[in-house]
Amino acid sequence: MNDDRISPLVSELIAHDESLRGHEADLRVLVSHMLHERPLVTIDTTFKENLRTRILSGHLRSVLSPYQKAERWAFRLVPLGMVALLVLMLFPERTHYIPLSTQTDEVQTSTEVMDTRMADDGGSGSTANEESAPASSPVFKGGGGMGTMETVDTDTAVESTMAPKMMAMDTQPMEPAPFTIDPQPAGPRIMVREVTVTKPSFIVVYTFDRNGGEMVFGVSPLLRPGSTENVPLYTKFKTQSSESYFAKLHTDNGNRLFTESEDAPLTDTYGNPFQVPVIIE
Amino acid sequence: MDDTREDAVLVAEALSGTNASFGVLYDRYFEKIYRFVYYKTFVKETAEDIVSSVFHKALERLGTFDHKKGNFSQWIYRIARNAVIDHYRTQKKNVPIEDMFDIGEEDRTIPEHDVLLTMKHVRTYLEKLSPKQREIITLRIWEEKSYREIAEIVDGTEDSVKMAFSRAMKDLREKCGPLAPILLATLALQGTLHSSLLS
């Protein structure tokens, strides 16, 4: 039966690529070897049936309807909501805040902060003064920025910006990361649209390992202080749309080499690392 | 009687809790996925481990399958390919390994080596190719998949697969050098020369 396949396969190859005509003998040898040395695949039917049983017995537990899933999540969130309510009741003064819509004109938007910083740096930002901003916040001046929640001291009426520590996690304001990664196609490269740093840094892309832990998937070249556009980042393996990736910015410790344990991630004013999802289309 | 319902229908039924529907998908794809994995690993126990993880992951992630983005076959083959890579990643970090041929000789286990010993010529051929080329050649020649089926598995078009197959065989021929005279003689000595090669 194998011999019956040699000629048709060789004919196919020549039909696809005329330059192979004249080399039929070599192709016949190659195809013949492939066919005759094909490893025998023996499927253990016991293994197959046992796996089927295991898979399907777990199926009913793992596959839930959307309503069942929503119901589960609702039950999980109830204790969290109760804790938040308790906090609000116990600490009314600390959690008194002014919503964004009623903020004063002094609160700068992130765009205004960026413009201010760029102007201070001479416009292009390519020779940013490394000491002009605190190490943990290369973009923002004075802690202002989009989404900052301000607390009002009723005694002194002084506005100050401070992290509202008693707020629930989902209302903590998000500071925009100093780099942007657009959705992109799968492949061995991730393109960073733009990044602004005040110290030599790396953009590091992570994925999740088998245990759900973070794993370095790719590292950019060393970024010099200033703004850079279209930074290519090559990954260890090709990205896949079915997998999850995210990126962080790490400050170089001075040796110009990325070491995860020594090059700390850049954090916002709340101490959270800047983290950007990498969407693979 | 064979179940002829489409994969997307079976997925929807499985997600709504119909146990038997995922069973149909399992029966439909088990052997295909097993062969696909085996031809990348060549060890029965390894293939069984990986195939187990493929179907567990397929079940866990069934809710993420979107028939508008591709068919179920593409989806599960992608899980299988990634599962093979993950398996070898645990053995050799920082080295992109898509199949057993990417592992150096010193890292191969005895069962793999035993199988490779029976593939005297094919081993040297396949080691010269990229993982993608190996995959297309084994899908076409060993698994006898049609170009349409291969295109679904590798996320390409039929035309691109045909070209890739020809290109891979051309590369192989160029890397191996003139084969016919030397290897025909070798096969004759081994007594495995077939009549078709004499023509």
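In chain B, helix H1 (residues 7–15) packs against helix H2 (residues 19–41) at an angle of about 140°, with the two axes 7 Å apart. The model is a predicted one, in which local features need pLDDT of at least 70 and side-chain atom pairs count only at pLDDT 80 or more, while totals for chains, interfaces and linings use all residues. Residues are numbered from 1 along each chain as its sequence is written, chains are lettered from A and ligands numbered from 1 in the order in which they are written, and side-chain values use heavy atoms, with hydrogens and water left out.

- Two packed helices are described by the angle between their axes and the distance between the axes.
- Axes are lines fitted to C-alpha atoms, for helices over the stretch in contact, and angles run from 0 to 180 degrees between N-to-C directions.
- H1(B) and H2(B) are therefore oblique to each other; angles under 35 degrees count as roughly parallel, over 145 as roughly antiparallel, 65 to 115 as roughly perpendicular and the rest as oblique.
- From H1(B), the residues Asp7(B), Leu10(B), Val11(B), Glu13(B) and Ala14(B) meet Ser21(B), Phe22(B), Val24(B), Leu25(B), Arg28(B) and Tyr29(B) of H2(B), where contact means heavy atoms within 4.5 Å.
- Helices (H or I, at least four residues) and strands (E, at least two) are DSSP runs, numbered from the N terminus.

**Helix H7 of chain B**

- Helix H7 (residues 131–142) of chain B has 12 residues and spans 15 Å from its first C-alpha to its last, close to the 16 Å expected at 1.5 Å a residue; the expected span is 1.5 Å times one less than the number of residues.
- Of the 12 residues of H7(B), 11 are buried, and the helix is mostly covered.
- Buried means under 20% relative accessible area, exposed over 50%, and partly exposed in between (1.4 Å probe, protein chains only).
- Among the buried residues of H7(B) are Pro131(B), Ile136(B), Ile137(B), Leu139(B) and Trp142(B), and also Arg134(B), Glu135(B) and Arg140(B).
- Gln133(B) lies in this helix, H7 of chain B, and is buried, with a relative accessible area of 15%.
- Not counting residues up to four places away in sequence, Gln133(B) touches Arg167(B), Ala168(B) and Asp171(B).

**Chain A overall**

- Chain A contains 5 helices and 9 strands, and along the sequence these follow the pattern α-α-α-α-α-β-β-β-β-β-β-β-β-β.
- Chain A has 281 residues, of which 38% are buried.
- Of the contacts in chain A between residues at least 6 apart in sequence, 63% join residues at least 24 apart.
- Chain A has an accessible surface of about 16,400 Å², and 56% of this belongs to carbon and sulfur atoms; accessible areas come from the Shrake-Rupley method with a 1.4 Å probe, and for residues only the protein chains shown count as cover.

**The sheet of 4 strands in chain A**

- The strand order of this open sheet is E6-E5-E8-E9 (chain A), and the pairing is antiparallel; two strands pair if DSSP finds at least two bridges between them.
- Strand E6 (214–219) and strand E9 (275–278) of chain A stand at the edges with a single partner strand each, so one side of each has no neighbour in the sheet.
- From one strand to the next, the twist averages 40°.
- Strand E5 (residues 201–208) of chain A pairs with E6(A) over 5 bridges, and Tyr206(A) stands opposite Val216(A) in E6(A).
- Strand E8 (residues 245–251) of chain A is joined to E9(A) by 4 bridges, and the bridge partner of Lys248(A) in E9(A) is Gln275(A).
- In a regular strand the side chains alternate between the two faces of the sheet.

- Strand E3 (residues 179–180) and strand E4 (residues 189–197) of chain A are joined by 2 bridges, and Phe179(A) has Val195(A) as its bridge partner in E4(A).
- Between E4(A) and E7(A) there are 8 bridges, and Val197(A) stands opposite Gly226(A) in E7(A).

**A loop residue in chain A**

- Arg224(A) lies in the loop between E6 and strand E7 (226–234) of chain A, and is exposed, with a relative accessible area of 69%.
- The C-alpha atoms of Arg224(A) and Pro200(A) are separated by 4.8 Å, although the two are 24 residues apart along the chain.
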